[in-house]
Every structure is written in C-alpha cells, then in structure tokens.
Amino acid sequence: MALLPILEFPDPRLRKVAVDITEINDDIRKLAKDMIETMYDAPGIGLAASQVNVHQRLVVIDVSDDGDDPRVLINPSWEPLTDEMQNYQEGCLSVPEFYDDVARYSKIKLNALNENGETISEEAEGLFAVCIQHELDHLNGKLFVDYLSNLKRDRIRKKLEKKHRDDIKEALYTAQAKAKMAPQP
Ligand code: QAP
Ligand code: CO
C-alpha cells in the first residue's frame, strides 16, 4: 500500500501521451491498487496514471455513492452514443481547488480491459460518462482547464504557480528549522 505523489498543473509531464499496456502483470495490478488508495485518500472519484507520472494507459474510477466500487480501466477507449452534451462542474486532483463547467457527451460506449485482462464493454451515462471522458483526456495529455477560456486557464496557472513557489519556501523553512534544532556535532 502506498500513496503516490500527484503532478499538478502546469507541470509539463501532464502533457505526455501515455502508451498502451502490453502485459497486465503484478506491477500493473500494484500500480492500480496504489492509484485507488491515492484516489480515496484525496478524496477523488477518478485518477489517471499520467497524474502520478506513469505514462501508461490506465485509469481508476469510483463514482459510487459509498466509494466502495473501484473500477480499473486498462487501454480504455470510448465513442459517443449521442450528440447530446451535458455540462458538469469538473475538478481535478492535478488542478487542486479549481472547478468549472465542461460540456461532455451525455452517453458513451466504453471499451477497456480490467486488472484481470477481461474485456469491459458497456454504455455509460451521467457522472460515470463524464469521469471516463475526463480521465481518458489525461492519457492524451489533455486537462479540463484546456476547455476553459485562455483567460480563466491563465488565471488558474498563475495561482497554482504561486502556490508551488510558496510550498517550496515552506519546505525550505521547515528543513532549516529542523537543522537548527539538531544537536551540534
Ligand atoms: C475527475 O476529479 C472528475 O480540487 C475526478 O482540492 C471531476 O476526483 C470527473 C479533487 C468531476 C467528473 C466530475 C479536486 C479533490 C478531486 C480538488 C476528482 C481538490 C480535492 C477531483
Ligand atoms: Co483530472
């Protein structure tokens, strides 16, 4: 069991295109397990491997009310089953504390493999459909902020860049305070 660090926008590694998984082995199952744990800890309803700096086509999703139905999707793909769109206020663990409306297809067909290599082929609607489209975007280096205006995206980028600078300053300050407290040789 391990919590994985999550990359945050505008980290350029979030822009990498993930590659297909060729063999579903114990390493992949361990990654899926750690990603599910990381998602629940956040807490979140979806996490793509790209967000934990693993550029392979794997996502985990749990949109159940009780958060007890984690789904592992390997080499997933989707296609729209309608041209109807639904607006949903999205967030992202890689864009902490920012939320905005994005239009997504309201009904889609999902194809994927699960962690046992079994074929998943099902229709999805509502929040599950939104989440699949959001997470699969990550595997292609795309983020929900890309659907917003340049002005909104820039504002989010600047605020997160400042937060990252402040986080580094805070960590340095703490490390120095610790070093001062350590007994002198
Ligand atoms: C993607 O997002 C999603 O900003 C999953 O401070 C979101 O789990 C798909 C989270 C909405 C469909 C609809 C975000 C947690 C979690 C934050 C998430 C935060 C803490 C986001
Ligand atoms: Co996301």
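Tyr 99 reaches ligand 1 with its side chain: one of its polar atoms lies 3.1 Å from an oxygen atom of the ligand, a polar contact (a pair of N or O atoms within 3.5 Å). Keep in mind that this is a predicted model, where local features need pLDDT of at least 70, side-chain atom pairs count only at pLDDT 80 or more, and totals for chains, interfaces and linings use all residues. Residues are numbered from 1 along each chain as its sequence is written, ligands are numbered from 1 and chains lettered from A in the order in which they are written, and side-chain values use heavy atoms, leaving out hydrogens and water.

**The shell around ligand 1**
- By class, the shell has 11 nonpolar, four polar and three charged residues, with Gly counted as polar and Tyr as nonpolar; a residue is near if one of its heavy atoms lies within 4 Å.
- Helix H2 (126–139) gives the most, with five residues; helices are DSSP runs of at least four residues, strands of at least two.

**The cobalt ion (ligand 2)**
- Its protein donors are Cys 92 (SG), His 134 (NE2) and His 138 (NE2), lying 2.1 to 2.3 Å from it; donors are N, O and S atoms within 2.8 Å of the metal (3.2 Å for Na, K and Ca), and sites may look incomplete because water is not among the atoms.
- Cys 92 lies in the loop between E4 and strand E5 (100–105) and His 134 in helix H2, so this pair ties together parts 42 residues apart in sequence.

Key
A polar contact is a pair of N or O atoms within 3.5 Å; within protein, one must be able to donate a hydrogen and the other to accept it, and residues adjacent in sequence count only if both atoms are side-chain atoms.
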